[in-house]
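These are my notebook entries on a structure that I looked through chain by chain.

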Amino acid sequence: MADPMKIRANMVGDKVEVKVLMSHEMETGQRKDAKGAVIPAWFIQNVTATHNGKTVLSAEWGPAVAKNPFLSFRFAGGKPGDKVAITWTDNKGDKRTDEATIA
Amino acid sequence: MKNTKIIVLTAAVAVAAGCASMTQRDDAALNAKALELMKASFREQGIAKLDRLVQDDVQRLCSEYSDGKALPKDVAERIEKAEQASIKYPADGKYLGDWKNGERIAQTGVGMQFSDTAGAAAGGNCYACHELTKQELAFGTIGPSLYNFGKIRGYTPDMQKYAFGKVYNSEAYSACSNMPRFGHNKILTEQQIKDVVALLMDPGSPVNK
Amino acid sequence: MSRINRSVVAALCVAAGAALAQQPSSTVQEIEKYRAALGDGNPAELWEARGEAIWKEKRGPKGASLERCDLGMGPGVVKGAYTVLPKYFKDSDKVEDLESRLVTCMVTLQGFTPEQAKKDPFGGPGKKVAMDALVAYITAESRGMKMNVAASHPKEIEAYELGRKMFFFRGGPHDFACATCHGSDNLRIRLQDLPNLTKQEDARKAYTSWPAYRVSQGEVRSFQWRLYDCFRQQRFPELEFVSPASIALTMFLAKNSNGGTFNAPSIKR
Amino acid sequence: MNASRRKALKGTGGAAVLGLAMAAGLFRPGTTWAAEWNKAAFDTKSLNDAVKAMGGAGAAESKDITITSPDIAENGAVVPFTIASKVPNTAAIAILVEKNPNILAANFDIPQGTEPWVNTRVKMGQTSNVIALVKTADGKFHYASKEVKVTLGGCGG
């Protein structure tokens with residue numbers, strides 16, 4: 001089971017600024033282990049952020065996104081107390097959704 | 001009045017001297033205890049055995065004369081003389097190898113760590129401490145800049161020999177230098193040292209551009 | 001005379017070094033920008049969250065949590081505990097740092113054997129360990145507080161003095177001591193600043209920035225790991241996890257940082 | 001044999017299945033898949049090929065895209081980037097690293113109401129040009145680029 005994300009959502013002016021940290025290896029598939037065997041690629045492929053059920057960001061990632069990814073973005077129309085939900089899916093089909101309240 | 005002062009002063013000196021000799025004894029005991037503690041706390045791993053905690057004269061003296069304790073001139077001279085005698089210059093009398101290999105050796109710091117495999121070619125990691133070329137921005141400042149090393153000093157055979165000796169055994173020129181004794185301690189091979197000397201001394205090397 | 005010469009040369013060298021380090025350099029400025037850009041959003045927070053959960057989780061043969069562990073400020077006190085470590089503990093009759101103390105508590109409270117408690121000291125690719133997470137959580141609870149290592153008990157004083165000796169001990173095929181890189185002012189290895197750990201100001205800055213999330217490894221690294229890996233790079237044999245020497249050296253460095261404001265887990269190269 | 005093959009398929013999951021399906025000619029690049037992931041684009045090596053795989057014809061350089069990042073990265077494993085676009089009707093922002101094994105690192109769809117601004121961190125194998133690619137609502141592509149130097153660090157070399 002993947003660890004929970006750390007999500008912060010704060011009002012910056014009239015916009016909501018979202019900052020997310022995700023726990024993921026983001027293995028490139030290019031590296032070899034100590035015995036010389038290729039370590040298979042394992043990375044988050046899709047990220048979706050929703051606010052009140054509406055998608056406010058969706059992303060496709062390759063293995064070049066850094067390990068334990070960080071992402072920040074801003075959207076309009078949110079207010080304190082609203083919920084922002086983030087979902088990621090990786091190339092092994094593992095999936096995780098977490099939520100934060102806008103402060 | 002004057003006499004009293006002298007007596008007091010003498011007494012103070014005597015006390016100080018007494019303290020010094022006591023501290024020295026304590027210091028030796030503490031050194032022994034620290035070594036014992038280290039032997040109990042390190043374990044051999046891969047190529048790094050516990051004999052690495054056994055100091056040679058240079059290591060012992062340079063540890064002793066540190067922590068604010070100045071290195072006496074006679075000790076420094078003794079170290080330099082002994083280390084000077086240990087340098088094995090190339091039998092063919094040639095000091096310059098291939099500067100391109102030298103650059104690779106200067107860039108890499110692998111070798112002799114417990115995580116390294118036995119017998120694998122080690123690097124010199126020169127850039128960790130020295131500026132060498134204008135192309136490499138990530139250089140350290142523990143040692144002086146070696147940019148234009150040969151250009152400044154002249155491309156003479158004497159300077160080539162000096163560069164070889166310095167890389168082979170830095171302690172021969174500057175006792176208790178921070179620089180590893182690359183030849184003496186068999187970190188680099190003779191050919192590798194020649195390649196590093198070429199990096200420093202070849203007019204075509206980026207060091208001298 | 002020669003001694004004077006030597007010290008004059010030394011002073012000149014130091015001055016030259018300082019001038020070099022202070023020279024406005026675009027490389028150094030850009031590296032500062034790089035570090036600043038990473039400051040916001042430190043993945044160590046993921047470890048802190050996991051560590052808090054593990055601290056409260058009932059584990060081991062005794063099925064107990066670590067919540068009653070005495071980290072030096074009384075059973076269960078986590079807030080500020082890291083600022084007084086290492087410290088002499090009467091129950092174990094030894095000087096312990098945070099990692100050592102966690103091992104002690106895992107044994108006494110949770111019923112693990114010492115071997116089990118010490119088995120996985122550091123995480124790695126695809127391997128998450130409890131120790132890193134606990135260390136991240138507990139140290140984060142001292143953020144913003146001042147280092148305050150007592151070093152007054154005879155065993156604490158002895159640990160400090162032995163740690164100091166270790167710091168200056170040159171050995172191995174490269175003749176390195178800790179002091180080789182960390183005994184002078186204003187030096188750099190590659191582009192990384194080398195704190196002079198014998199001086200209070202630098203020791204404060206350095207010690208209070210560990211543990212750290214290392215971006216090159218994607219892991220939170222504890223102070224025990226910092227020492228373990230320094231000695232690997234020093235070409236020494238392997239420093240054993242929570243060994244007496246590791247704690248003595250930590251005592252030397254931690255006490256030198258007294259008065260510094262703790263600001264970790266941080267994020268580093 | 002069959003069992004292990006089934007296990008292998010299960011273990012590697014969606015991407016491998018999609019890869020096999022594509023190899024078999026069942027899907028074309030750009031085909032909508034359960035969770036959309038443009039494998040063809042992530043396999044490209046150049047800006048032009050990436051733009052094509054994302055359904056464009058070519059990309060024009062633009063001064064309306066800003067890339068904020070340090071000029072020198074202390075470590076290539078994590079290099080922070082903030083991309084902001086003033087190109088009207090920005091619908092997507094992608095980050096590409098020219099000298100990585102595959103050029104495309106990430107692509108962000110920006111719905112209406114979301115600022116054309118993202119901050120994330122990518123890996124860089126070596127010193128390289130980094131390209132911010134913007135797609136507009138009418139399917140046109142614009143880009144800006146900057147060089148980021150990756151340095152070696154520490155005692156290990």
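**Entry 1: a salt bridge between chains C and A.** I looked up C:E219 and found that C:E219 forms a salt bridge with A:K67, with the closest N and O atoms 3.4 Å apart. A salt bridge here is a side-chain nitrogen of Lys or Arg within 4 Å of a carboxyl oxygen of Asp or Glu. Between chain C and chain A the count is 5 salt bridges.

I note that this is a predicted model, in which local features need pLDDT of at least 70 and side-chain atom pairs count only at pLDDT 80 or more, while totals for chains, interfaces and linings use all residues. Residues are numbered from 1 along each chain as its sequence is written, chains are lettered from A and ligands numbered from 1 in the order in which they are written, and side-chain values use heavy atoms, with hydrogens and water left out.

**Entry 2: the rest of the C and A interface.** I recorded 10 residue pairs in polar contact across the interface of chain C and chain A, both at pLDDT 80 or more. A polar contact is a pair of N or O atoms within 3.5 Å; within protein, one must be able to donate a hydrogen and the other to accept it, and residues adjacent in sequence count only if both atoms are side-chain atoms. On the side of chain C that touches chain A, the largest share, 5 residues, comes from helix 3 (residues 44-56) of chain C. Helices (H or I, at least four residues) and strands (E, at least two) are DSSP runs, numbered from the N terminus.

I then counted contacts (heavy atoms within 4.5 Å): 16 residues of chain C are in contact with 14 residues of chain A. The two chains bury about 1,100 Å² between them, 50% of it on carbon and sulfur atoms. In chain C, the residues C:D40, C:E45 and C:L46 lose the most area to chain A, together 45% of what that side buries. Buried area is the accessible area (1.4 Å probe) that two parts lose on being put together, summed over both.

**Entry 3: chain A itself.** I found 0 helices and 7 strands in chain A. Its C-alpha trace spans about 55 × 20 × 20 Å along the principal axes. Of the 103 residues in chain A, 52% are buried.

**Entry 4: A:E17.** Is A:E17 buried or exposed? A:E17 counts as buried because its relative accessibility is 13%; buried means under 20% relative accessible area, exposed over 50%, and partly exposed in between (1.4 Å probe, protein chains only). A:E17 is found in strand 2 (residues 15-21) of chain A. Its side chain makes a polar contact with the side chain of A:R74, at 2.8 Å. Not counting residues up to four places away in sequence, A:E17 touches several residues, including A:R8, A:F73 and D:W117.

**Entry 5: chains B and C.** I looked up this interface next: 56 residues of chain B are in contact with 43 residues of chain C. About 4,500 Å² is buried between chain B and chain C, and carbon and sulfur atoms give 58% of that area. The count of salt bridges between chain B and chain C is 8. In one salt bridge, the side chains of B:R43 and C:E240 meet at 3.3 Å, N to O. Between chain B and chain C there are also 30 residue pairs in polar contact, both at pLDDT 80 or more. Helix 1 of chain B supplies the largest share of the side of chain B that touches chain C, 10 residues.
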